[in-house]
Amino acid sequence: MPLEYYLVLSALLFTIGVIGVLVRRNAIIIFMCIELMLNAANLAFVAISRSLGEANGQAGQVFVIFVMAVAAAEVAIGLAIIVSVFKHRQTINVDEVNSLKG
Amino acid sequence: MNAEQILFILFGAVSLIGAVSVISFRHPIYSALSLVVTFFAQAGLFILLGAHFVAAVQVIVYAGAIMVLFLFVIMLLNLGTLSAKGAIGPKLKGFAVILGILLAIEGIYIAVNSANDTAVAAAETATGTTTTYQIGELLFSKYLLPFEVTSLILLAALIGVIVLVKRESQEEN
């Protein structure tokens, strides 16, 4: 399979994630879209690491492991923040949670 | 058309359909389940790319642990009733979709052009698979420092979550 196919698929998945962040106002769904974007980046990492061949082709996969660890930490913190915001405000609509707006 | 191409189209289509479902379902539970479908399809793509260990980690960490967290929080907050007004107006939505299409065109342009790049000149992907042994060897030799820093990140996340939740329970008392 040519490398471009995987990169185009990765770009499309990333774009869907971006559109989701722009369109949806539910904080949890915005989080899911961020996960989608991280996954698209992972796909590009693995595809490019494969195209670089045997000699130095594993570094991309190691990076994917790191990205997954960071994503797991981010989800844990983010969902804890969402839960505590919901306890205070009774909503997770990001348009109504705007106290930090300048 | 060989088996790899058929599987790529299958997994790619499933992951794209799942991703579109994530942003189009009203109810967050359906979005979360669509996201699981996308993650599984991407694990299939990783296997096609010969990255078996990454595919296994994708299924275990993403489709397992992270999605359980999402579903747990959605059910804990009982969000189904709240999400009815969870979208923006059609005008802004159209604007967002136009921006997204522009971004997609840029991404596709970069992806197609990258074939001309000398660094990725061997665009036809190789056939070998990466074993867990090779990844582990890299992880514990060349990338040992990032690996240790990752453990610090996880520790910071753990402490952060405990602090966030603990302050809540003290305020309630």
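**Close-up 1. Aromatic cluster of Phe45(A), Phe63(A), Phe66(A) and Tyr143(B) in the predicted model.** Ring pairs connect Phe45(A), Phe63(A), Phe66(A) and Tyr143(B) into a cluster, where rings of Phe, Tyr and Trp (its six-membered ring) pair if their centres lie within 6.5 Å, and planes under 30 degrees apart count as stacked, over 60 as edge-to-face and the rest as tilted. A search of the whole structure over all chains finds 8 aromatic pairs. This is a predicted model, in which local features need pLDDT of at least 70 and side-chain atom pairs count only at pLDDT 80 or more, whereas totals for chains, interfaces and linings use all residues. Residues are numbered from 1 along each chain as its sequence is written, chains are lettered from A and ligands numbered from 1 in the order in which they are written, and side-chain values use heavy atoms, with hydrogens and water left out.

**Close-up 2. The aromatic pair of Tyr6(A) and Phe8(B).** Among the 8 aromatic pairs found over all chains, the rings of Tyr6(A) and Phe8(B) have centres 4.6 Å apart and planes at 70°, so this pair is edge-to-face. Because Tyr6(A) belongs to helix α1 (residues 3-23) of chain A and Phe8(B) to helix α1 (residues 3-24) of chain B, the pair joins two chains; helices are DSSP runs (H or I, at least four residues) numbered from the N terminus. Both Tyr6(A) and Phe8(B) are buried, a term for under 20% relative accessible area, with exposed meaning over 50% and partly exposed in between (1.4 Å probe, protein chains only).

**Close-up 3. Ser10(A) and the backbone of Ala40(A).** Ser10(A), in helix α1 of chain A, has a relative accessible area of 7% and is therefore buried. The side chain of Ser10(A) reaches the backbone oxygen of Ala40(A) at 2.8 Å.

**Close-up 4. Ile101(B) in helix α4 of chain B.** Ile101(B) is found in helix α4 of chain B and, because its relative accessibility is 46%, counts as partly exposed. Ile101(B) and Ala19(B) are 82 residues apart in sequence, and their C-alpha atoms lie 15 Å apart in space.

**Close-up 5. Helix α3 of chain A and the residue that follows.** Helix α3 (residues 59-89) of chain A has 31 residues and reaches 44 Å from its first C-alpha to its last, close to the 45 Å expected at 1.5 Å a residue, the expected span being 1.5 Å times one less than the number of residues. After α3(A) comes Gln90(A), whose phi is positive, near 60°.

Key
A polar contact is a pair of N or O atoms within 3.5 Å; within protein, one must be able to donate a hydrogen and the other to accept it, and residues adjacent in sequence count only if both atoms are side-chain atoms.
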